[in-house]
Amino acid sequence: MGTRCEGLRDSLSPIAYYEEYSHFRLDCLKIDDNKELSMSANEDLAKERARCDFNVSEITNILDGGIERTKQRKKIESIALSNGKCCDVTPEETLGPKERYENAIRKSCLYTKIVKDQVLTLTGLEVLGSNSSVLRRTADAFFKDISPFLLHLGMFVPTIMGQGTPEQQSYWLPRALDFQIIGTYAQTELGHGTFIRGLETTATYDPDTEEFVIHSPRLTSYKWWAGGLGKTSNYCIVVAQLYTQGKCYGIHPFIVQIRDEDTHMPLPGVRVGEIGPRMGFNTADNGFLGFDHYRIPRNHMLMKNSQVLKDGTYVKVASHSKLTYGTMVFVRVMLVNEVAFNLAKAATIAVRYSAVRRQSEKISGEPEPQIIDYVTQQHKLFVCIATAHALQLSSNWLWKTFSAVLADMRGGNTENLPELHALSSCLKALSTSDSAALIEQCRLACGGHGYMLSSNLPLLYSFVTATRTYEGDYTVLLLQTARFLIKAWEQAESGNPVTPTVSYMEEAVVGNKYKWNGSAEGIIKAAYYVAAGKISSSVTSIRKRMKNGKAFEDAWELTGVQLVAAAEAHCRAVICDVYRKETVRLTANSSPNVKTVMDQLNMLYLSHWALERTGDLLRYTSTTEDDIISCQQRYEELLAAIRPNAVGLVDAFDFPDEILQSTLGAYDGRVYERLMEEALKSPLNAEPVNRSFHQYLKPLMQGKL
Ligand SMILES: CCCCCCCCCCCCCCCCCCCCCCC/C=C/C(=O)SCCNC(=O)CCNC(=O)[C@H](O)C(C)(C)COP(=O)(O)OP(=O)(O)OC[C@H]1O[C@@H](n2cnc3c(N)ncnc32)[C@H](O)[C@@H]1OP(=O)(O)O
Ligand SMILES: Cc1cc2nc3c(=O)[nH]c(=O)nc-3n(C[C@H](O)[C@H](O)[C@H](O)COP(=O)(O)OP(=O)(O)OC[C@H]3O[C@@H](n4cnc5c(N)ncnc54)[C@H](O)[C@@H]3O)c2cc1C
């Protein structure tokens, strides 16, 4: 048997090897008929479901945005899941980098074909609009890591839609949506990611040939990071400094062909490749890209916001200078939904596992309790469920705000863009940061088994922690929000009207201290007062520093720590507020028990953050120690109240096992059986003795090395 396993790798291609080998791995270990690998579902989970006192599908419908949307989602999921094999026979994480990428492309094409042939015929193009989150969610049944097509749909297509003229859209969009071309978004360079005005790639207009010459003048100007750039894309959006008639007009987006449409070879003047192994995104072929005086037609500049005429004249069309940054704003809005979804997955895995896992003794001699019965475990987990709700509802609200501002801008009104930029920046920063921290908390809550890749928690973490950096780093985006807040504070101080999300400043500038009351509305008001207090302190620091002779820029820079904290506090208050209002609105017609459990989760979230920020409450409001003690007591009562419904609450996220892809989180709770099944898929188990024994271990042990 060992000989059969050992010889196989040499005789087959890597993919064929893995596909073949996965069929007889149990045979190799002679445990294919192991009676212990039972098929029955876990009894503890069944009991948890029996004790849940609310209608699970009611909450599913609320989170989906209505019963019709749940039906639509389930229809799309069932089409995708019943077509072909979505999951790998061999776990993708056990493949080498090349095989992993090739496998990701195979699955991306399979999924794309299913969507094109069957889902689009059912839903029309709507699936690419309001249903794109369903498409994104269903994709996880195919990919544990990232599809190399993510940037095509997530940024290439949206940039054409947002930055192209109607003519450009009608030329490029049909080709892109039909996957005749595949593109990505190459903005970041080796030398600059955050400071995009400092990008070094140039696009110099040549009126003689009516072309732009794209050039990478030095190593630091090489594009770096774009997903799907290394091997997959044949086109990309390149963001470059535009030069015409001897003058630089700043950064602009261009559509650039980088590979031959037939042979896929890089075109002359293009240097493209993959950037090497990363902490996550390992199937996304993130790439580098350099140009040597590479020419593209004039009309490949995306010209909705500004144009270069045939003779080289630069014409500014847009009424706001930052509209070129539009794709980033769009993706920041999408990311809030993205991380809410990933946090919900992690919470589902950790809560189900905690109901199955038994450990230690609460009382000597008694049976080991389910770990979910430890209050410390509830403290780790229930805030994850609540945060997933808070972010999901905030993301829906942000999407509505985004759509309204977009509609205004179509009519030429950019008045609300600064507020949208401030909101999308801080919500992106906080949602990604909170989700990454809480997914890691879920992993820790699963002990050793959480460290297994087969739990899916490490992959979820590696993906979500990247969202805190890309599309605008956490600190940098909070500083953008802080700019808006400081200006708003100054407006409120001078008695001028301010925009809705900062209207709390009008009351706070007067200098009153808010008296704590433990109601939901009271906690939210206190959170706004904390934000106002921090903004006020930042303003005072900046003014003091300027009075002492510092220039505004230096005073701002020296106050950076306070400014980030102020923007964080503002955003936390907004999330608390939106989460509360949306919960009340969405459960207005719900059954009483659904109302109760949604309210409990909401109160848990509010109390959690009040307790996390006691120092701020004591400093910026009239909260007393007794108030904090009663808040702590209320928090602990909420943990106990939510406990019987915890499994029901994660079931309400309604993830099919194929999407969850976790040994610890499957619906039937067969945790130990799945862990063993996955262990047996390890390539190291394909042979009873590894060849390194003969090559190294044996000689070492026998003193013959
Ligand atoms: C057919 C089906 C097939 C299926 C196949 C399978 C596929 C499966 C998947 C299905 C998918 C479905 C799609 C779902 C997609 C969901 C998620 C998408 C995920 C995408 C992955 C993305 C990966 C990563 C990409 C990137 O990272 S791209 C690079 C991003 N880079 C950044 O974000 C850089 C950050 N830096 C900046 O934004 C700016 O430089 C800065 C804002 C920090 C500073 O800019 P600048 O220096 O110019 O400005 P100032 O600081 O001086 O400010 C001047 C004033 O301008 C205002 N300002 C700044 N920015 C904006 C803005 N954006 N809008 C408005 N105003 C802005 C400032 O506020 C200042 O104003 P003031 O002067 O009044 O104060
Ligand atoms: C997985 C992944 C995928 C990506 N995909 C793409 C893609 O498809 N296309 C693309 O174009 N890019 C992509 N990126 C790049 C990404 O957008 C940048 O990495 C991100 O914007 C951060 O920029 P940076 O790397 O230059 O960080 P830096 O700006 O160098 O940040 C380093 C540190 O400096 C701090 N810092 C920087 N500026 C300031 C400031 N003004 N004030 C205070 N602190 C500051 C930051 O807070 C951070 O702590 C991707 C990145 C990752 C990790």
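This is a predicted model: local features need pLDDT of at least 70, side-chain atom pairs count only at pLDDT 80 or more; totals for chains, interfaces and linings use all residues.
Author: Residues are numbered from 1 along each chain as its sequence is written, and chains are lettered from A and ligands numbered from 1 in the order in which they are written.

Reader: What makes domain 1 and domain 2 the domains of the chain, and where are their bounds?

Author: Domain bounds come from an automatic or database domain assignment, and for this chain that assignment gives domain 1 as 153-317 and domain 2 as 327-651. Their centres, taken over C-alpha atoms, are separated by 36 Å. Ten residues from domain 1 and nine residues from domain 2 take part in the contact, where two residues count as in contact if their C-beta atoms, placed from the backbone, lie within 7 Å. On the side of domain 1, helix α8 (residues 150-163) supplies the largest share, five residues.

Reader: Why is ligand 1 said to lie between domain 1 and domain 2?

Author: Ligand 1 lies between them because domain 1 and domain 2 both give residues to its shell. That shell has 41 residues, the closest being G154, Y325, H421, Y470 and G472; a residue is near a molecule if its C-beta atom, placed from the backbone, lies within 6 Å of it. Helix α10 (326-356) gives the most, with six residues.

Reader: How do you know which class of residue makes up the shell around ligand 1?

Author: Ala, Val, Leu, Ile, Met, Phe, Trp, Tyr, Cys and Pro count as nonpolar, Asp, Glu, Lys and Arg as charged, and the others, Gly among them, as polar. Sorted in this way, the shell around ligand 1 has 22 nonpolar, twelve polar and seven charged residues, whereas the shell around ligand 2 divides into ten nonpolar, ten polar and two charged.

Reader: Which residues surround ligand 2, and which element gives the largest share?

Author: There are 22 residues around ligand 2, with Q187, T188, G193, T194 and W225 the closest. The largest share, three residues, comes from α14, and each of domain 1 and domain 2 contributes at least three residues to this shell.

Reader: What makes the span of α14 close to the expected one?

Author: The expected span of a helix is 1.5 Å times one less than its number of residues. With 20 residues, α14 reaches 28 Å from its first C-alpha to its last, close to the 28 Å expected.

Reader: How do you know which residues of α14 are buried?

Author: A residue is buried if 20 or more other C-beta atoms lie within 10 Å of its own, exposed if 12 or fewer, and partly exposed in between. In α14 the buried residues include Y474, L477, F484 and W489, and among the elements covering the buried residues are α12 (417-445) and α16 (520-547).

Reader: Why are β2 and β3 called paired, and in which sense do they run?

Author: Two strands pair if DSSP finds at least two bridges between them. Strands β2 (residues 202-206) and β3 (residues 211-215) have five bridges in the antiparallel sense, so they meet the condition of at least two. A203 stands opposite I214 in β3, and four residues lie between the two strands of this hairpin.
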